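Subject: Structure handover

Hello,

Here is the structure I promised to pass on to you.

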Amino acid sequence: MRRRGTRRAVVRAAAWTAAYALGLAVLVPVGAWTWWQRAPHAPGTNANALWARHQWVGETHTDAEYRAFADLLRRARITDVFFHAGPVEADGTVPPAKYRNAAALLAAMRRYAPGVRAQAYLGQIREVDGHGVIDLDDPAVRNRVLATDATFLDVGFDGIHYDFEPVYRDDGAFLDLLTRTRALTRARGRVLSVAVEQKTLWDGVQPVLDAVAPRTGPLHYPPRPTARFLRALADRADQVAIMTYDTELPTRSLVGLHYAAHTRWTLDLIGDRATVFIGVPTYRPVTGWAEDLATALRGVRRGVDGLDAPPTRPYGVGIYADWTTGAADWRAYDRGWPAPG
């Protein structure tokens with residue numbers, strides 16, 4: 001009799017759990033859809049970034065191409081361009097042949113887009129648990145990365161943009177690299193920016209994931225920064241670009257909610273510490289029917305609407321990337337990220 005009662009209790013608990021999960025599966029999309037119907041009030045901004053293809057530093061271009069690019073940057077209110085100048089080799093260097101056109105590019109930028117910062121975009125797959133390319137835990141490798149940074153600043157870049165992935169919340173070596181790089185860029189009167197993943201949804205779960213989930217392999221957990229780590233990054237960089245894209249969410253309203261939430265969280269956390277660029281995609285993600293540039297921009301603006309007060313530092317969006325951005329995308333950008341005022 002007792003066994004039958006226990007079985008009945010287990011069945012009842014399982015039924016309630018299933019009903020709760022089903023309720024969430026219904027209520028969350030419905031709530032997101034309802035929230036999504038209201039148009040945003042916040043305009044776009046005059047501080048925006050663009051990730052640019054390697055060919056700009058690696059290949060020659062005509063004067064007309066430079067003029068057209070500068071005109072595009074001006075119309076889109078782009079203040080910072082991350083020109084792909086790497087990738088960084090495993091030893092921390094970049095062969096000069098990879099950036100043989102950098103001097104000509106920078107001369108053209110000074111001539112045709114004098115108000116735009118041209119940053120050297122440097123990155124590589126971070127070695128984690130024996131997997132990856134570059135071992136930033138090795139002080140000698142970090143020293144060579146710094147020497148590489150100095151070389152790019154000597155060429156004339158206005159800053160260094162790091163995109164080393166993955167970076168986890170306990171990556172002391174990366175924080176050390178940022179600290180030392182900022183000392184270098186500040187001494188030269190240049191800027192340091194860093195691209196990182198979007199913030200974790202719940203910081204409290206990270207110790208559990210550290211204990212039970214691997215950082216490599218098909219079932220590894222993503223390198224989301226905690227609030228504490230994101231603030232540590234912002235204290236060491238002039239600009240932080242959040243790679244908010246690749247949501248893999250199935251509806252526009254859920255995608256928009258994702259961008260709004262991360263915009264609000266990030267600006268609340270570090271908007272008074274560093275310039276923030278919220279990354280938006282012009283390529284087609286896995287759920288491209290739901291996640292696109294127009295949806296991302298609307299979500300960012302809804303996130304700004306939700307702030308209690310605007311941040312004291314400039315903020316805007318970072319477009320990923322110029323090699324996937326066509327004329328239709330730029331028209332969508334003009335519509336979805338209108339100039340302030």
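This is a predicted model: local features need pLDDT of at least 70, side-chain atom pairs count only at pLDDT 80 or more; totals for chains, interfaces and linings use all residues.

Let me start with a pair of helices: α9 and α10 are oblique to each other, because oblique is the word for angles left over once those under 35 degrees (roughly parallel), over 145 (roughly antiparallel) and 65 to 115 (roughly perpendicular) are taken out. Their axes cross at roughly 45° and come within 7 Å, with α9 covering residues 252-270 and α10 residues 293-305. Axes here are lines fitted to C-alpha atoms, for helices over the stretch in contact, with angles from 0 to 180 degrees between N-to-C directions.

Residues are numbered from 1 along each chain as its sequence is written, and side-chain values use heavy atoms, leaving out hydrogens and water. Helices (H or I, at least four residues) and strands (E, at least two) are DSSP runs, numbered from the N terminus.

Helix α10 has another neighbour to look at. The axes of α10 and α11 (residues 327-336) come within 9 Å and cross at roughly 20°, which makes α10 roughly parallel to α11. Leu-293, Leu-297 and Arg-301 of α10 make this contact, together with residues of α11 including Ala-332 and Tyr-333.

Strand β6, residues 239-243, is mostly covered, with five of its five residues buried (under 20% relative accessible area, with exposed over 50% and partly exposed in between, using a 1.4 Å probe and protein chains only). Gln-239, Ala-241 and Met-243 point one way from β6, while Val-240 and Ile-242 point the other way.

On one side, β6 pairs with β5 (residues 191-197) in the parallel sense over five bridges; strands pair if DSSP finds at least two bridges between them. Val-240 of β6 is the bridge partner of Val-194. Strand β6 also pairs with β7 (residues 275-281), again in the parallel sense, over four bridges, and there Val-240 has Val-276 as its bridge partner.

Best wishes

Terms used:
Contact means heavy atoms within 4.5 Å.
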